Amino acid sequence: MSGLERLTERLAAALPPDAVITDPVRLRTYECDGLTYHRATPGVVVLPETAEQVAAVVRLCGEHGVPFVARGSGTGLSGGALPRTDGVLIVTSRMRRIVEIDIPNRRAVVEPGVTNLAITEAVRERGYYYAPDPSSQQVCSIGGNVAENSGGAHCLKYGFTVNHVLAAEIVTPDGEIVELSAMDAGYDLLGAFIGSEGTLGIATKITVRLSRAPEAVTTLLAAFTGIEAGGQAVSAIIAAGVVPAAIEMMDALAIEAAEAAVHCGYPAGAGAVLVVELDGPRAEVERQFAAVERICRDSGAFEVRVAATAEERAAIWKGRKSAFAAVGRISPAYIVQDGVVPRTALPGVLAGIDRLQEEFGIRVANVFHAGDGNLHPLVLFDDTVPGEAERAETVSGRILDLCVEHGGSITGEHGVGVDKARYMPRMFTGDDLDTMQLVRCAFDPRGLANPGKVFPTPRLCGEAPGVRKGAHPLVEAGLAEQF
Amino acid sequence: MDPELIRDCVHCGFCLPTCPTYVLWGEEMDSPRGRIHLMGQHVEGTPLTDAMAGHFDACLGCMACVTACPSGVRYDRLIEQTRAVVEREHVRRPDERAIRALVFALFPYRRRLRAMRLPMRLGRRLRRFLEEVHPSLGAMAELAPDVPRPVRLPPLVRARRRRRARVGLLTGCVQGEFFPQVNAATARVLALEGCDVVIPPGQGCCGALSLHSGREAEARRFARRTIATFERAGVETVVVNAAGCGSSMKDYAEVLADDPAWAARARALRTRDLAEFLAELGPVAERRPLPVTVAYHDACHLAHAQGVRAQPRELLRAIPGLELREIEESAICCGSAGTYNIFQPEAARELGDRKAERVLAAGADLLVSANPGCTMQIAASVRRAGKGEIRVAHTAEVLDASLRGLDPGMLGRSRR
């Protein structure tokens, strides 16, 4: 009997009756998250309802030496919640209570399975909202947001998840329940935990900051004939000292997809659209709006539209926020890439992406958080055409090379997960990676929390950094397999 | 289960929070994304296990996921195809088979429903006993409404002003027998708005229950009969006031796709929901004030399956003195879902309780629902919550009361 089998027998005793899934057909529905390129059927799935149950599962995993992976809504785009066939998948979808709303102190305490948007919905009537807004905000869980340090269109002005989480109750990899707070003296352990992609533990309760809804919001849509003009407008807006709540850009192909999916009614013939949202005190928004409109027209916008009502604003955003999934309308399969470049490098990187499209015969749709240079190239392919998936994968990787070459990063907000672990050495030296491992090992000396993610080669904790252990080079190269 | 349709799903998960069973249980395999994954497994050769069939049966078919999906996945077609596969390949427990046989031998047939009047009245009192015999029987007893006296509609109701249109009216099975006053109100409203209303007396079931339960052959039979009936009546447009029936009639061309001649006849027949039709036609009859607060319930087969959300609200708002209130979580199913509350009574009750709580929180005088199944389900859920009889009316009845200047206090009162 394997460790996993012995463990499974004991899980039933630690959890409610229907919270342990072992049926192979059911297990397979958990084989991937939002990134379907990587799949692995979990050894067992558990659906705990309390922090104590999560802790009990993690302790049992420790006792049996079985790895565990946490998963929220399964919308991640880097395979961060890819299960382990030899491990336990801990799903937080039943932990979705809003525990406390504390308006005077502008915070809310929620369980990890609560969706990002549900927090805003719970406080909207009182004039507040939760600021980070990933495009999947109606479904993605706050626990997943913490694990990935998720961003969103409005993070340009307001910052990422890490700027809006005040405290977290976590289950450490050895099954202890501890509180981490931004108010703690000493090392910022909460800061280290946020964005650790499930490698330092599992958040079971999260205290988030609530932000006051702005007095005024103006959303405008500017249409350009080409992406270069749009990029120029972005640089000019920032250079003018305006910090919009969001500046989003979509190219012609992304517009086509969004149009097909949600009929967002973007101006016909646009080679690029820019969505600019300004928010804050009314007087400031009005002044900034005049500046942004002028800059857009000076940069060659052939149409500038302003949302007059909340419905019109929602229509403009709908096109942008559904862009990823909407690409499903124009391509059988696609890879959502996530990279960052300095704003000034945008034209060079876009030209490079164009060259890649031609070289490999693969179409790329571009959607970006243009204000902070966060690109989301969508690499389109047909998985029934032999070789096309591989070519798309190559293009996708080359795009990250372009980002790194231009002084950027391999991920802006989707995380490294399993998908980008192999690209880490393109950004970091061996010493850098070893130093990160020391942090990981301090939390998880046995390497049971989401192993195989973030780092390119599994390295056992406790070993001297720099001494390579783990997968054999032949295994890594895909020439041999280990059983 | 068309593999091409399955491949359209990009696994983004946008459907999850809109799915009633995912909202209840928080499990991947009881979400649309998970069910599509299960369909994919079956197509790839995994046999249809009891577990798989259970997850398909647990789907309400509310189509909220179709509304939410940015990739345009045709989950509606997929689940219909899947239900047919389940019917063919899955062997149900004997008690489930018996209950299904009873329901499908009863509901699509008006005369048989009429014969149920007395047993239904007794059934409510025997609910506890029936519940012990089988939970589905208990659910049926609990749902049974107070049935008013039958209303005989003439085969033709002439326009009451200059004629603007000539339409057929589908009277439906459950609507016709349990809520005959809704059909009468529908005919009056249409006539007052200048329509000749043709009501073919021999019309039968439209096939909605069969179609939504995977009984393909039966659904096609009902569909062909309904098409022929309205062709004989000489109308090109059929107005439907029950959401489930309207949505299945709009699917006739797809249901009959294997038979090009019939598919063409299906396409020639235009189906419109009452609210949709009236909005297109535009109002001419005078609306008299109706001082009443109304909470409008989105029937899934109207809002999600037919995309009809704005029209009924506009019609209601246009009535002077009427105050319209929204129900929180209006996109989540009430648990009725055709035969769902009979075959899956536990889940349906949980959803019904959730809906009843939100309906009551709206604090309106009157609930307006455009589907007989929802009306029965929500009324039963409110009764179960110990809140007595909620007043429920159809959009048609509210309009009828306004056009005729009736007392709104009479709306939604039981007329035994």
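Into which domains is chain B divided? Select chain B and colour domain 1 (3-89), domain 2 (94-143), domain 3 (156-279) and domain 4 (287-410). Keep in mind as you go that this is a predicted model.

**Stop 1: two domains of chain B**

Stay with domain 2 and domain 3 of chain B, whose C-alpha centres are 26 Å apart. Seven residues of domain 2 of chain B and nine residues of domain 3 of chain B make up the contact. On the domain 2 side, pick out helix H8 (residues 110-115) of chain B, which gives the most, with three residues. That side of domain 2 holds five nonpolar and two charged residues, and no polar ones.

**Stop 2: where the chains meet**

Now show both chains. Here 30 residues of chain A are in contact with 24 residues of chain B. To find the chain A side, select helix H2 (24-28), helix H9 (252-262) and helix H12 (323-326) of chain A, the elements that give two or more residues to it. Colour that side by class and you will have 11 nonpolar, 13 polar and six charged residues.

**Stop 3: the domains of chain A**

Chain A is assigned domain 1 (3-91), domain 2 (98-212), domain 3 (216-325) and domain 4 (331-405). Go to domain 3 and domain 4 of chain A, with C-alpha centres 22 Å apart. Their contact draws on 18 residues of domain 3 of chain A and 15 residues of domain 4 of chain A. On the domain 3 side, helix H8 (227-239), strand E13 (246-251), H9 and H12 of chain A each supply at least two residues. That side of domain 3 has 13 nonpolar, two polar and three charged residues.

**Stop 4: a sheet and its helices**

Next, display strands E1 to E4 of chain A. These four strands form an open, mixed sheet in the order E1-E2-E4-E3. Strand E1 (20-21) and strand E3 (68-71) of chain A are at the edges with a single partner strand each, so one side of each has no neighbour in the sheet. Look between E3(A) and strand E4 (residues 88-91) of chain A: the two run parallel and are joined by four bridges.

Helix H1 (residues 3-14) of chain A lies across E1 and strand E2 (44-46) of chain A, at about 25° to E2(A). H3(A) lies across E2, E3 and E4 of chain A, at about 170° to E4(A).

**Stop 5: the largest nonpolar core**

Which residues touch the most other members of the largest nonpolar core? Among its 266 residues, they are A:Val46, A:Ala222, A:Val273, A:Leu274 and A:Leu378. Helix H3 (residues 51-64) of chain A gives the most to this core, with seven residues. Centre on A:Val46 and show its contacts beyond four places in sequence, including A:Leu11, A:Leu15, A:Val57, A:Val88 and A:Ile90.

**Stop 6: two positive phi angles**

Select A:Asn149, in the loop between helix H5 (142-148) and helix H6 (155-158) of chain A. This residue is not a glycine, yet its phi is positive, near 50°. Is A:Asn149 buried or exposed? A:Asn149 counts as buried because it has 21 C-beta neighbours inside 10 Å, and the threshold is 20 or more.

Finish at A:Val454, in the loop between helix H16 (430-443) and helix H17 (473-476) of chain A. A:Val454 is another non-glycine residue with a positive phi, about 70°. A:Val454 is buried too, with 24 other C-beta atoms within 10 Å.

How values were computed
Residues are numbered from 1 along each chain as its sequence is written. Chains are lettered from A and ligands numbered from 1 in the order in which they are written. This is a predicted model: local features need pLDDT of at least 70, side-chain atom pairs count only at pLDDT 80 or more; totals for chains, interfaces and linings use all residues. Domain bounds come from an automatic or database domain assignment. Two residues are in contact if their C-beta atoms, placed from the backbone, lie within 7 Å. Ala, Val, Leu, Ile, Met, Phe, Trp, Tyr, Cys and Pro count as nonpolar, Asp, Glu, Lys and Arg as charged, and the others, Gly among them, as polar. A nonpolar core is a set of buried Ala, Val, Leu, Ile, Met, Phe, Trp, Tyr and Cys residues joined through C-beta atoms within 7 Å. A residue is buried if 20 or more other C-beta atoms lie within 10 Å of its own, exposed if 12 or fewer, and partly exposed in between; C-beta atoms are placed from the backbone. Two strands pair if DSSP finds at least two bridges between them. Axes are lines fitted to C-alpha atoms, for helices over the stretch in contact, and angles run from 0 to 180 degrees between N-to-C directions.
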